[in-house]
Amino acid sequence: VAAGDYANAVVVYDAADGHVVWEKRTWSGKGAPFTWGLRFSGDSGSLAIGHWDSYAYVYDTASWRERAAIKRGDRVYSVALDKTGAHLAVGGRDKIAIVYALEDGRHGRGGAAAPAVEMEVAIGSFIYTIDLTPDARRLAIGTVDSCVYVYAVLGSAAGPGASAGKLLHLL
């Protein structure tokens with residue numbers, strides 16, 4: 001079980017007995033120490049963190065090594081991972097939803113290569129929640145103005161001949 005707070009900490013607890021498994025208290029960016037989003041991959045092999053410091057972080061839960069630290073334009077309010085942790089969706093105050101392909105290795109800092117962008121879409125308002133289907137074929141985005149957008153991420157999700165980034169539904 002993962003918990004984030006306004007006191008500069010993300011703590012992972014063992015659900016069976018409550019002992020602390022891992023914690024993060026240092027951050028790459030500047031700003032208030034607020035954690036806005038936490039999400040495990042479907043297989044629980046990765047943990048994504050969305051933080052006020054404008055970074056999205058991904059950790060391997062077997063080793064607790066950082067897989068990615070991706071700098072965004074503003075606060076990261078929401079993160080999502082697919083079933084295996086191979087794709088990361090990020091949204092927040094910068095009003096841009098991006099789905100990244102996370103290859104093996106480390107991404108985003110200290111000379112590490114930036115992850116490949118699978119899909120990017122600008123939305124007209126803050127993105128408060130974001131989610132991927134387990135197979136990373138579709139992305140749902142919830143905004144501050146009560147809109148829900150559903151996009152195709154990988155081209156096959158929208159049907160034959162459709163491309164990634166196609167808006168499928170606006171609710």
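1. Strand β6 (residues 55-60) pairs with β7 in the antiparallel sense over five bridges. Strands here are DSSP runs of E, at least two residues long, numbered from the N terminus, and two strands pair if DSSP finds at least two bridges between them. Y59 sits opposite E66 in β7. Five residues separate β6 and β7 in the hairpin, and W64 in the turn has a positive phi of about 60 degrees.

2. A word on what you're looking at: this is a predicted model, where local features need pLDDT of at least 70 and side-chain atom pairs count only at pLDDT 80 or more, while totals for chains, interfaces and linings use all residues. Residues are numbered from 1 along each chain as its sequence is written, and side-chain values use heavy atoms, with hydrogens and water left out.

3. Back to β7 (residues 66-71): five of its six residues are buried, so the strand is largely enclosed by the rest of the structure. Buried means under 20% relative accessible area, exposed means over 50%, and partly exposed is in between (1.4 Å probe, protein chains only). R67 is worth a click: its side chain makes a polar contact with the side chain of S46 at 2.7 Å. A polar contact is a pair of N or O atoms within 3.5 Å; within protein, one must be able to donate a hydrogen and the other to accept it, and residues adjacent in sequence count only if both atoms are side-chain atoms. S46 belongs to strand β5 (residues 46-51) and counts as buried because its relative accessibility is 3%.

4. Next, the open sheet: four strands in the order β8-β9-β10-β11, paired antiparallel. The edges are β8 (76-81) and β11 (116-122); each has a single partner strand, so one side of each is left without a neighbour in the sheet. From one strand to the next, the twist averages 15 degrees. That angle uses axes fitted as lines to C-alpha atoms (for helices, over the stretch in contact), with angles from 0 to 180 degrees between N-to-C directions.

5. Now walk across that sheet. β8 and strand β9 (residues 87-92) are joined by five bridges, and V79 faces V90 in β9. Four bridges link β9 to β10, with L88 partnered by Y100 in β10. Those two strands form a hairpin with three residues between them, where K95 in the turn has a positive phi of about 65 degrees. Six bridges then join β10 to β11, and I96 has A122 as its bridge partner in β11. Strand β10 (residues 96-101) has five of six residues buried, so it is largely enclosed by the rest of the structure.

6. The whole structure has five salt bridges, each a side-chain nitrogen of Lys or Arg within 4 Å of a carboxyl oxygen of Asp or Glu. One of them joins D74 and R93 (3.5 Å, N to O). D74 lies in the loop between β7 and β8 and R93 in the loop between β9 and β10, so the pair ties together parts 19 residues apart in sequence. D74 is partly exposed at 25% relative accessible area, as is R93 at 28%.
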